[in-house]
Amino acid sequence: MRIERIELRLLRLPLVRFFETSFGRIHERPFVLVTVEEAGSAGVGECVADANPFYSAETTATAWHIISEFVAPIVLGREFAHPREIFDALAVIRGHNMAKAAVEMAAWDMYARQQGRPLAGVLGGSPAIIESGIASGVSIGIQDSLDELAERVDVERRTGYRRIKIKIKPGWDIDAVAMIRERFGDIPLMVDANAAYHLADAAHLSRLDPFGLMMIEQPLDYDDIRDHAALQRQIRTPICLDESLHAVRAAAEAIEIGACRIINIKPGRVGGHGQSIRLHDLAAAHGIPVWHGGMLESGIGRAHNIHLSTLANFRLPGDVAASRRYYAPDLIDPEIDVRPDGTIAVPTGPGIGVTIDWNRVAAATEARLETRMNTDHGSTPTTDDHGSTRKAEPPKART
Ligand code: OSB
Ligand code: MG
């Protein structure tokens, strides 16, 4: 496999409904779409970095910069026997996992298409899960009132989702969980704090224990492992780490010191499918279940997530839900749907196996950049929408 051309697009889509976490409310989602090409075949990946550096340090603008200036020159024109080699080839670039992942995942899609196989099989998915579909859960943001939260939970329950997650923060936690238990009984329920608490809040967080939650996700700092281990010794609710596990090594440390009993895997956070597989296998070797996180992806990133979720140790429902919760219309047609039993079918076509509506992509595109393999030597020439050859220019920041 030899990537000859990389295209970046900055897209912006309005969300069907606002999404609020402990770090704020958003109404639209900008993201970078990456296409890689080799002699007639192509693959696509979606960069999950957001406009702001609140979930992680990366943003759409840093991803654009890192991919065009650093990732593209390393991967363009280089021979890879397999896409799992790409992450290691990018080791010279520190961090920027979301930027790396977008290109790496596009390469996996292209590789699977070249083999004429669905991505799930190429990733090493379990035949049983590929056959049955993946178990789907939902992430419900912070609402304006407990009544509105109850309404959201009710809608998602009736749709068939296998697990409900609610976002929590100080002031929107115990009462919200108590209300859900009161009105909906013993449903599979978990909470995600997105790093909104401190170890000093341990006694407060232990008040969640009586509610029998499946887990509490990322209660403490985004880069902390040690305090999570201390917290886990003080609460019964299993801790799941998201933000803190940016690398396989961080997960090994967390497992070793008891900082988590469950792991959330997001390929963008760890650098792509290859690193996700390594993290998945590490967790499996330690008897730690994993589940697939979500980053409000369009149908393109969502399709990647569905394929990755077929690996055998994805034993809990993920934040991989139907397109219509996020974007209407989605960038793919048909869109991703959840079945009444709360599962999502795994696409059976080659690669990610979904049909991209390029007219919708074009309509949502705010900036575009092409980078091609250099056939002689020197720096990589790039072209923008106007066809001129020049250095990569980041898209204008918007707030
Ligand atoms: O922490 O899992 C998270 C969305 C954006 C950033 C971080 C997170 C989330 C979600 C939404 O929880 C999951 C989804 O529905 O895609
Ligand atoms: Mg999370």
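Reader: Before we start, what does contact mean here?

Author: Contact means that heavy atoms lie within 4.5 Å. The model under discussion is a predicted one.

Reader: With that settled, which residues is Ile216 in contact with, sequence neighbours aside?

Author: Leaving out neighbours within four places in sequence, Ile216 is in contact with Ile168, Val191, Leu205, Leu208, Ile235, Thr237, Pro238, Ile239 and Cys240.

Reader: Where does Ile216 lie, and is it buried or exposed?

Author: Ile216 lies in strand S8, which covers residues 216-217. Its relative accessible area is 0%, and because buried means under 20%, Ile216 counts as buried.

Reader: And how far is Ile216 from Ile277?

Author: Their C-alpha atoms are separated by 23 Å, and the two residues are 61 apart along the chain.

Reader: Let us turn to the ligand. Which residues come nearest to ligand 1?

Author: There are 15 residues around ligand 1, and of these Lys167, Asn194, Lys266, Leu296 and Tyr326 come nearest.

Reader: What polar side-chain atoms lie by its oxygen atoms?

Author: A polar side-chain atom of Ser139 lies 3.0 Å from an oxygen atom of ligand 1. For Lys165, a side-chain N or O atom is 3.1 Å from a ligand oxygen, and for Lys167 the corresponding distance is 2.9 Å.

Reader: How much of ligand 1 does the protein bury?

Author: Ligand 1 taken alone exposes 390 Å², and the protein buries 97% of that. The space that ligand 1 takes is the largest pocket.

Reader: Changing topic: which residues of helix H7 are buried?

Author: Helix H7 spans residues 174-184, and its buried residues are Ile174, Ala176, Val177, Met179, Ile180 and Arg181.

Reader: Now Arg5. Which polar contacts does its side chain make?

Author: The side chain of Arg5 makes a polar contact with the side chain of Glu37 at 2.5 Å and another with the side chain of Glu370 at 3.3 Å. Arg5 lies in strand S1, residues 5-21.

Reader: Is Arg5 buried or exposed, and what does it touch?

Author: Arg5 is buried, with a relative accessible area of 11%. Beyond residues up to four places away in sequence, Arg5 touches Thr35, Val36, Glu37, Leu76, Arg368, Glu370, Thr371 and Arg372.

Reader: Where is Ser136, and what does its side chain reach?

Author: Ser136 is found in the loop between strand S4 (134-135) and strand S5 (138-140). Its side chain reaches the backbone oxygen of Val320 at 2.7 Å.

Reader: Last one: Val92. Why does it count as exposed?

Author: Val92 has a relative accessibility of 64%, and exposed means over 50%, so Val92 counts as exposed. Val92 lies in the loop between helix H2 (86-89) and helix H3 (97-115). The C-alpha atoms of Val92 and Ile306 are separated by 30 Å, with the residues 214 apart along the chain.

Technical notes:
Residues are numbered from 1 along each chain as its sequence is written. Chains are lettered from A and ligands numbered from 1 in the order in which they are written. This is a predicted model: local features need pLDDT of at least 70, side-chain atom pairs count only at pLDDT 80 or more; totals for chains, interfaces and linings use all residues. Side-chain values use heavy atoms; hydrogens and water are left out. Helices (H or I, at least four residues) and strands (E, at least two) are DSSP runs, numbered from the N terminus. Buried means under 20% relative accessible area, exposed over 50%, partly exposed in between (1.4 Å probe, protein chains only). A residue is near a molecule or strand if one of its heavy atoms lies within 4 Å of it. A polar contact is a pair of N or O atoms within 3.5 Å; within protein, one must be able to donate a hydrogen and the other to accept it, and residues adjacent in sequence count only if both atoms are side-chain atoms. Accessible areas come from the Shrake-Rupley method with a 1.4 Å probe; for residues, only the protein chains shown count as cover. On a 1 Å grid over the protein atoms alone, a cavity is a set of points where a 1.4 Å probe fits but cannot get out, and a pocket is an open set with protein on both sides within 12 Å along at least five of seven lines; lining residues have an atom within 4 Å of a point. A molecule sits in a cavity or pocket if more than half of its atoms lie within 2 Å of its grid points.
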